[in-house]
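I opened my notebook to go through this chain piece by piece. My notes follow the display.

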Amino acid sequence: MTRGLPWGLLAGLLSVTALGSEVPQTAPQPRSAYFSLTNKGAALRFYNRLANNKYWFVASDAPVEGALASQKLTARSGERLVLVELHGVAPARLPGELARMDDFAVLSEPYNEDLHMINGQAVLFGEELGAKLHSAPAWTDGLSPLHAMTSRVVTHLSTLSVDPGFLESHVRQLSGDQPVTIAGRRLSITERRQDDNKANARAYLRQEYEALGFTVTEKTYRGGWGFGTHVNFVAEKAGADPSRFLLISSHLDSVGNAGADDNGAGTISALAVAKALKDQELRYSLRILAFDEEEIGMVGSAAYAQQLQDEGQLDSMIGNINMEMTGYNSANDGAFHIIDCNENTSAELSKKFREVAERDQDLRLRFVAACTNRSDHASFWRFDKPAVVFSQNFFGGDGNPCYHKKCDKVDRMNFDYMTRMTSLLARVTQELLVP
Ligand SMILES: [Zn+2]
C-alpha cells in the first residue's frame with residue numbers, strides 16, 4: 001500500500017520540468033518540531049539528529065531535557081522545514097531562515113529547492129525534517145571492538161597499491177564515457193537516476209565483483225515513502241570469522257548526470273579495494289555496499305541500517321567507511337578529508353587513515369579537518385555505530401566545480417590523486433582485516 005509520495009523526488013521532477021508552482025497538498029513531514037542544541041548523548045528519540053565535533057542538533061516532537069538551546073518552529077504555508085549545516089560559511093541570514101544555533105540553521109523551504117546547494121553554495125547542505133521518529137540506542141562513549149583492530153602495530157603486510165588504469169577505465173564505464181558489455185549486450189550507463197540505468201549499473205558491478213570471487217546480492221527496500229521498490233547492491237568476501245564484517249560503502253545513484261566523481265569515483269575505489277584484497281585471507285568479512293537514493297536524502301542507507309537492526313545484524317558491523325567523491329584534486333596537493341565529527345567511536349577509524357597517510361609518504365596525502373552529516377555514514381551514526389566519510393577536499397575549497405552539474409565527467413578528474421586515495425583505503429582495509 002502506498003502511504004504517500006517521495007516528495008524529494010517529486011520536487012526534483014517538478015523543478016526539472018518547470019512545474020515548480022505545483023505544491024503537494026499535504027506534506028508527510030510534521031509542520032512543526034522542536035529544534036535543540038544538546039550535548040552528545042542527550043537525545044534518544046528524534047526526527048533528525050545532526051552532529052558537529054561538539055554538539056548534537058536535534059529535531060524532535062518534544063523538548064529535549066537539558067538542551068543548551070531549544071525552539072519550537074513551524075514551516076511556512078506550502079513549505080517544509082529543513083535543517084542546514086553551515087560550515088562557518090553562511091551569510092548572516094539565509095533565505096527562509098527561522099533560527100540558528102551554533103553551526104546549524106533551520107529554514108522554511110519550498111519543495112523544489114535543491115537541498116544539496118542551499119543559497120547556491122555547494123558546501124551548504126540541507127536535510128528535510130524527518131517524517132518518522134527514530135529511537136537510538138544509548139550513546140557509548142568509550143572504546144569500541146574496533147579499538148584492538150585499529151591500534152595494533154602492523155609491519156608484516158605487503159604494501160598495497162592500486163592500478164591507475166583500472167580506476168580510469170572503470171570510472172569511464174560507470175559514467176557513460178565508455179560503453180560496457182553486460183551479458184553480451186553492449187550499452188552505455190549515461191546517468192544513474194532512472195531505474196533502468198541503475199539496474200544496468202548494478203549488473204555491471206555484479207559482473208565485476210563476481211569475477212573477483214565476491215558473492216553478490218541485491219537487497220531491496222520500499223523507497224522513500226513506501227513508493228516503489230529500490231535496491232542496495234551488496235558484494236561480500238567472507239572472512240575466517242564471518243560473524244563480523246567491515247562495511248565499505250558509496251552511493252551508486254547520481255542526480256541524473258554522468259556522476260563520474262559523485263559518486264562513480266567512490267564506487268570504483270571500493271571495487272579496486274576488492275580487487276587488491278581478493279587473494280588475501282581475511283579475519284572478518286569485507287562487505288561492500290553501493291547504496292541507492294543517497295541523492296534524495298540518504299534513503300538507501302537509512303533503509304539498510306534499519307534492516308540490519310531489524311535482522312539483529314547491526315552489532316556484527318565493525319564499522320562503516322563511506323566514500324564520497326575520491327577523484328578531484330585541482331590543487332594537486334593530495335588534500336583529503338576523513339570525517340568522524342567526534343561521533344561515538346568513529347575517531348578510531350579516522351585515526352587509522354591519518355596514521356597510514358602520515359606513515360606512507362609515497363601516497364602524498366594530507367589530512368584536512370571537516371565535519372558533515374550529509375552522506376550515508378550518518379545513517380549509522382543514528383544507531384550509534386562507528387562510521388566515517390573518506391573524501392576529496394570538498395570543504396577546504398577544492399570541491400569539484402561540476403558537483404551536481406552536467407559536467408561531472410571524467411575529464412575533470414585527477415586519476416593520479418584517485419589512485420593515491422584508493423591505495424590509502426586499500427592499505428587501511430588490509431590492516432584492519434588481514435591477520
Ligand atoms: Zn555524492
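**Strand E6 and its partners**

I began with pairing: E6 and strand E8 (residues 104-109) run antiparallel and share six bridges. I count two strands as paired if DSSP finds at least two bridges between them. Helices (H or I, at least four residues) and strands (E, at least two) are DSSP runs, numbered from the N terminus. This is a predicted model, in which local features need pLDDT of at least 70 and side-chain atom pairs count only at pLDDT 80 or more, while totals for chains, interfaces and linings use all residues. Residues are numbered from 1 along each chain as its sequence is written.

Next I asked how many residues of E6 (residues 80-85) are buried. Six of its six are. Buried means 20 or more other C-beta atoms within 10 Å of the residue's own; exposed means 12 or fewer; partly exposed lies in between; C-beta atoms are placed from the backbone. In a regular strand the side chains alternate between the two faces of the sheet. In E6, Arg80, Val82 and Val84 point one way. Leu81, Leu83 and Glu85 point the other way, and all of these are buried.

I listed the contacts of Val84, leaving out residues up to four places away in sequence. They are Leu94, Phe104, Ala105, Leu107, Ile118, Leu124, Phe125 and Gly126. Contact here means C-beta atoms, placed from the backbone, within 7 Å.

The largest nonpolar core has 113 residues, and Leu83, Val84 and Leu246 touch the most other members. Such a core is a set of buried Ala, Val, Leu, Ile, Met, Phe, Trp, Tyr and Cys residues joined through C-beta atoms within 7 Å. This core lies between domain 1 (7-135) and domain 2 (146-433), because both give residues to it. Those bounds come from an automatic or database domain assignment.

I then looked at the two domains. Their centres, over C-alpha atoms, are 27 Å apart. In the contact list, 18 residues of domain 1 meet 18 residues of domain 2. On the domain 1 side, helix H1 (7-16), strand E3 (48-51) and strand E9 (125-128) each supply at least two residues. That side has eight nonpolar, six polar and four charged residues. Ala, Val, Leu, Ile, Met, Phe, Trp, Tyr, Cys and Pro count as nonpolar, Asp, Glu, Lys and Arg as charged, and the others, Gly among them, as polar.

**Two loop residues**

Is Met325 buried or exposed? Met325 is buried, because 30 other C-beta atoms lie within 10 Å. I found Met325 in the loop between strand E17 (317-324) and strand E18 (335-339). Beyond four places in sequence, its contacts include Asp261, Asn263, Ser391 and Phe394.

Pro401 sits in the loop between helix H9 (394-398) and helix H10 (415-433). Pro401 counts as exposed, because it has 12 C-beta neighbours inside 10 Å. Its C-alpha is 9.9 Å from that of Ser330, 71 residues away in sequence.

**Whole chain**

I noted ten helices and 20 strands. Buried residues make up 50% of the 435 in the chain. Among contacts between residues at least 6 apart in sequence, 77% join residues at least 24 apart. The C-alpha trace spans about 60 × 50 × 45 Å along its principal axes.

Conventions:
Two residues are in contact if their C-beta atoms, placed from the backbone, lie within 7 Å.
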